[in-house]
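I opened a notebook on one protein model today. The entries below record what I looked up and in which order.

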Amino acid sequence: MRTTVRMWRLRSNPLRRRSDVLETWIMLLAALLLVVAVPLVGTLTALSTGHSLSRQRQDRHTATAVLVTDAPASRGGYPTADLTSGQVRWTTPGGASRTGTTQVVSGLKAGTRTTVWLDRQGNLTTAPVSVRSAQAQSVMFGALASACAGGLLLGGTSAAMWRLNTVRSRNWEREWADVGPRWRRRIG
């Protein structure tokens with residue numbers, strides 16, 4: 001024979017407390033948000049990141065620039081030792097000549113042609129993220145956003161339950177203070 005009753009906390013019951021009903025609604029809301037909102041936050045974050053990185057790839061293009069000064073020689077010992085900062089000059093799509101500093105291969109002589117990345121305004125910028133890296137970053141940021149949203153939800157639920165249990169405990173102490181003296185044995 002079955003002894004449990006489904007949704008007993010929401011049914012009319014002389015032992016049911018308002019805090020029982022509140023606890024049930026808090027848990028139902030938390031479960032709903034965990035199932036719906038947390039994945040939605042992760043998905044929207046991943047899509048937004050992917051769109052932003054895709055737009056970055058569309059906005060940036062390569063151009064040929066001329067090294068203005070000699071690039072310092074490699075210092076060795078570091079993974080990026082073959083790159084250094086160098087002054088370059090390039091022509092914008094509008095025909096204006098500009099000069100700036102960017103990463104170039106170490107040891108190049110002045111007058112050497114090199115490839116640089118420009119934004120839509122013709123300013124120097126870094127290379128855009130590759131498609132594969134953009135996908136990986138989108139998934140990573142989406143998962144991180146989901147984890148953060150889930151953590152905030154669980155933390156908020158835990159805080160609400162802690163507060164509810166604190167109120168229950170205070171009420172129980174107050175009720176015990178009323179009933180307790182009547183249950184004591186009196187010797188006399």
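**Entry 1: a tryptophan on a strand.** I began with W117, which sits in strand β4 (residues 113-118). Helices (H or I, at least four residues) and strands (E, at least two) are DSSP runs, numbered from the N terminus. W117 is partly exposed, because its relative accessible area is 28%. For that label I used these cut-offs: buried means under 20% relative accessible area, exposed over 50%, and partly exposed in between (1.4 Å probe, protein chains only). I also looked up the spacing of W117 and P128: they are 11 residues apart in sequence and 8.5 Å apart in space, C-alpha to C-alpha.

**Entry 2: ground rules.** The model is predicted, so local features need pLDDT of at least 70 and side-chain atom pairs count only at pLDDT 80 or more, while totals for chains, interfaces and linings use all residues. Residues are numbered from 1 along each chain as its sequence is written, and side-chain values use heavy atoms, with hydrogens and water left out.

**Entry 3: the outline.** I noted two helices and five strands in the protein. Read from the N terminus on, the elements run α-β-β-β-β-β-α. Of the 188 residues in the protein, 25% are buried.

**Entry 4: salt bridges.** How many salt bridges does a search of the whole structure find? It finds four. A salt bridge here is a side-chain nitrogen of Lys or Arg within 4 Å of a carboxyl oxygen of Asp or Glu.

I looked up R17 and D20 together. They form a salt bridge, and their closest N and O atoms are 3.1 Å apart. R17 is partly exposed because its relative accessible area is 43%, whereas D20 is buried because its value is 5%.

D20 also has a salt bridge with R168, at 3.5 Å from N to O. This pair links distant parts of the chain: D20 is in helix α1 and R168 in helix α2, 148 residues apart. R168 has 14% relative accessibility, so it counts as buried.

Next came D59 and R120, a salt bridge whose closest N and O atoms are 2.8 Å apart. This pair, too, links distant parts of the chain, with D59 in helix α1 and R120 in the loop between β4 and β5 (124-125), 61 residues apart. D59 counts as partly exposed because its relative accessibility is 24%, and R120 counts as exposed because its value is 60%.

**Entry 5: a buried arginine.** R60 is in the loop between α1 and β1 (61-67). Does R60 count as buried or exposed? R60 is buried, yet it has no salt bridge. The nearest side chain of opposite charge belongs to D119, 6.9 Å away. For charge, Lys and Arg count as positive and Asp and Glu as negative; His and the chain ends are not counted.

What I did find for R60 is a polar contact of 3.4 Å between its side chain and that of T125. A polar contact is a pair of N or O atoms within 3.5 Å; within protein, one must be able to donate a hydrogen and the other to accept it, and residues adjacent in sequence count only if both atoms are side-chain atoms.

**Entry 6: a threonine in α2.** T157 lies in helix α2. It counts as buried because its relative accessibility is 14%. The side chain of T157 reaches the backbone oxygen of L153 at 2.8 Å.

**Entry 7: two rings.** I found one aromatic pair in the structure. W172 and W176 form it, and the pair is stacked, with 5.9 Å centre to centre and 10° between the planes. Rings of Phe, Tyr and Trp (its six-membered ring) pair if their centres lie within 6.5 Å; planes under 30 degrees apart count as stacked, over 60 as edge-to-face and the rest as tilted. Both W172 and W176 lie in helix α2 (residues 131-183), four residues apart, about one turn of the helix. W172 counts as exposed because its relative accessibility is 55%, and W176 is partly exposed because its relative accessible area is 42%.
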